Amino acid sequence: MTVSKGLWQARTAAAAGAAATATATAANEQTPRNSRAFSLAYLIVRTPPRSLFERGKQAGGLNEVPGDGKEEIDRHLMKLGHTIEDSRKKYSELTEELLEKLEEWIQQRNLSDVPREQLAIFAHSCYFQMDATLRCMETYYRIRTNAPEFFSNRDIKLENLQCSLKVLEFVMLPVPDPNGYSIIVHRLADTRASKYFLNDAIKLMMMTVDENLYIDGCCPGYVFLFDMAGVNIAHLTRISIGSIRKFFEYVQEGMPIRLKVIHIINVVGFMDKILSIMKPFMNSEILEMLHLHTGDVSEIYKYIPPKCLPEDYGGELDCIEVLHGEHIRKLEQLRDYFLEEETIRQNYSTSKKKNNK
C-alpha cells in the first residue's frame, strides 16, 4: 500500500505559490535569534521547570490547583503555550474568515474544544490553502484516533515510556538552523535491539513535535536529524510493516508542520535493506528530502553549522545527554496537555453533524 500524494502535492504547490508573495515574512524568519520563536525555545531550555509552568499559566494554558501544587489543563477549552495573536502577528494569512471555516469543520466533527491556536497550526502547515488544510486535519484526527499505539496513553510517567526514554534520546535543539528551521535530533542511547520498541519510538517522536508546536506554534520549518550510530541488523527484527505504513501516512499527510529536510548521519552498511522496507510507503517528495551521510559527521556542517549542533557532533551546544534530560522535564511539564489532547480526540466523528446555526 502506498500513501496518497494528494495532500503532499497540494502542500508543495501551495508552498511554491506562497514563496512568491511572502518575501517579507521569509526575511523575518531568516533572523531566528531575533524571533519570538527562538527566544522562547531557547529560554525554555535554559530555565528551570517551574518557570515553564509559569509561562504556560500566563499564556492561559495551565492552571494551578490551590493548595496541592499540582497543575491541570483548563477543562473548558484546551490551551496552548502561545496565543492566536502571536501566530497572527507572524502570519497575516490567518484571517478571521479562514479560522471560522476551520472552526465550522471542527464543530461538524464534534471537536468543538479545539482552540484557534491549533487551527492556525494546521493552516500554516498547508500554506493557508483551505482544501489542503482540511485534508490535513482529516488525516490528523483519523490517524490519531485509529493508531492508539502512537497517539494514546501519551503519559510520560508510564513505565514503558520511561524505559524507552532511557533507550532513545530526543532533542529539540535550542538554536534553529540558519533558515530559522527547528531541528529535532534522535539517536539511540542503548544499542541493544531487545530494548528497542518502534511504536514507543514513534510515539515519543510525535510528542517531541507536539511539544514544540505547543510552545512556538507556527514555525517556518522543521529539520529531522537522525543518528544511526549503534543501529545493528537485529533492530530490523523490531520493525512492524503496519507501523511503518501508518507512520509515513501521518508524516506525509497529517503531521501539521512544514518538514523541510531529513538528515541521517552515521549511515549503516545495511541501509539499503532499511530503505527497501520503507520506500513503498514514501512519496517522491519525502525521498527528495532524505540526505544520507556516510562519512564524517562534519559532512552535516554545510547544512547545519556547528553553532546549531550539540557538542557530540563538534557543535557549540550542550551534549545530547544533557539536552535530552531537559527535554524529558519539558514533557513532564506538558503531561496534562497530552492527556487533555487525547480526551478531546475521543469525540472525533468522521461524519458531519448538522450545523444548527
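**A conversation about the model**

Reply: Pro176 is buried, with a relative accessible area of 12%. Please keep in mind that this is a predicted model.

Me: Where is Pro176 found?

Reply: Pro176 belongs to the loop between strand S3 (168-172) and S4. Its C-alpha atom is separated by 6.3 Å from that of Cys308, although the two are 132 residues apart along the chain.

Me: And Leu309, is that buried or exposed?

Reply: Leu309 is buried, its relative accessible area being 0%. The residue sits in the loop between strand S7 (290-293) and helix H15 (320-333).

Me: What does Leu309 touch, not counting residues up to four places away in sequence?

Reply: Its partners are Leu173, Leu225, Ile300, Tyr301, Ile304, Gly315, Glu316 and Leu317. As for Ile320, 11 residues apart from Leu309 along the chain, the C-alpha atoms of the two are separated by 9.3 Å.

Me: Let us step back. How many helices and strands are in the protein chain?

Reply: The protein chain has 16 helices and 7 strands. Of its 357 residues, 54% are buried. Among contacts with a separation of 6 or more, 76% come from residues 24 or more positions apart.

Me: Helices, then. How do H6 and H8 cross?

Reply: The axes of helix H6 (residues 96-108) and helix H8 (residues 130-146) cross at roughly 35° and come within 11 Å. The crossing of H6 past H8 is right-handed.

Me: Which residues meet there?

Reply: H6 contributes Leu98, Lys101, Leu102, Trp105 and Ile106, while H8 contributes Met130, Thr133, Leu134, Met137, Glu138 and Tyr141. Sorted by class, this contact between H6 and H8 holds 8 nonpolar, 1 polar and 2 charged residues.

Me: Why is H7 largely enclosed by the rest of the structure?

Reply: Helix H7 (residues 116-125) is described that way because 9 of its 10 residues are buried. The buried residues of H7 are Glu117, Gln118, Leu119, Ala120, Ile121, Phe122, Ala123, His124 and Ser125.

Me: Where is Asn110 found, and what is its phi?

Reply: Asn110 is in the loop between H6 and H7, and its phi is near 65°, a positive value in a residue other than glycine. With 35% relative accessibility, Asn110 is partly exposed. Asn153 also has a positive phi, near 55°; Asn153 is in the loop between helix H9 (148-151) and helix H10 (159-167).

Me: Moving to aromatics, how many pairs does the structure hold?

Reply: The structure holds 13 aromatic pairs. One of them joins Tyr337 and Phe338, whose ring centres are 5.5 Å apart and whose planes are at 55°, so the pair is tilted. Tyr337 is buried at a relative accessible area of 3%, and Phe338 is buried at 1%.

Me: Which residues do ring pairs link into a cluster?

Reply: That cluster consists of Trp105, Phe122, Tyr140, Tyr141, Phe150, Phe151, Tyr250 and Tyr348.

Me: What about His186, buried or exposed?

Reply: His186, in strand S4 (residues 182-188), counts as buried because its relative accessibility is 14%, and the limit for buried is under 20%. A polar atom of its side chain lies 3.1 Å from the backbone oxygen of Glu169. Leaving aside neighbours within four places in sequence, His186 is in contact with Leu168, Glu169, Phe170, Leu225, Phe226 and Asp227. Leu225 is also touched by Leu309.

Me: One more. What joins the side chains of Asn199 and Ser243?

Reply: A polar contact of 2.6 Å joins them. The two residues are 44 residues apart in sequence and 7.0 Å apart in space, C-alpha to C-alpha. Asn199 lies in helix H11 (residues 198-216) and is partly exposed, with a relative accessible area of 28%. Apart from neighbours within four places in sequence, Asn199 is in contact with Glu149, Phe150 and Ser243. Phe150 belongs to the aromatic cluster as well.

Definitions and conventions:
Residues numbered from 1 in each chain as written. Predicted model: local features only at pLDDT ≥ 70, side-chain atom pairs only at ≥ 80, totals over all residues. Heavy atoms only, no water. Axes fitted to C-alpha atoms, helices over the stretch in contact; angles between N-to-C directions. Helix = DSSP H or I, 4+ residues; strand = E, 2+ residues; numbered from the N terminus. Left-handed = near helix turned anticlockwise from the far one by under 90°. Contact = heavy atoms within 4.5 Å. Nonpolar A, V, L, I, M, F, W, Y, C, P; charged D, E, K, R; others polar. Buried < 20%, exposed > 50% of the residue type's maximum accessible area, 1.4 Å probe, protein only. Polar contact = N/O pair within 3.5 Å; in protein donor to acceptor, adjacent residues only side chain to side chain. Phe/Tyr/Trp six-rings, centres within 6.5 Å; stacked < 30°, edge-to-face > 60°.
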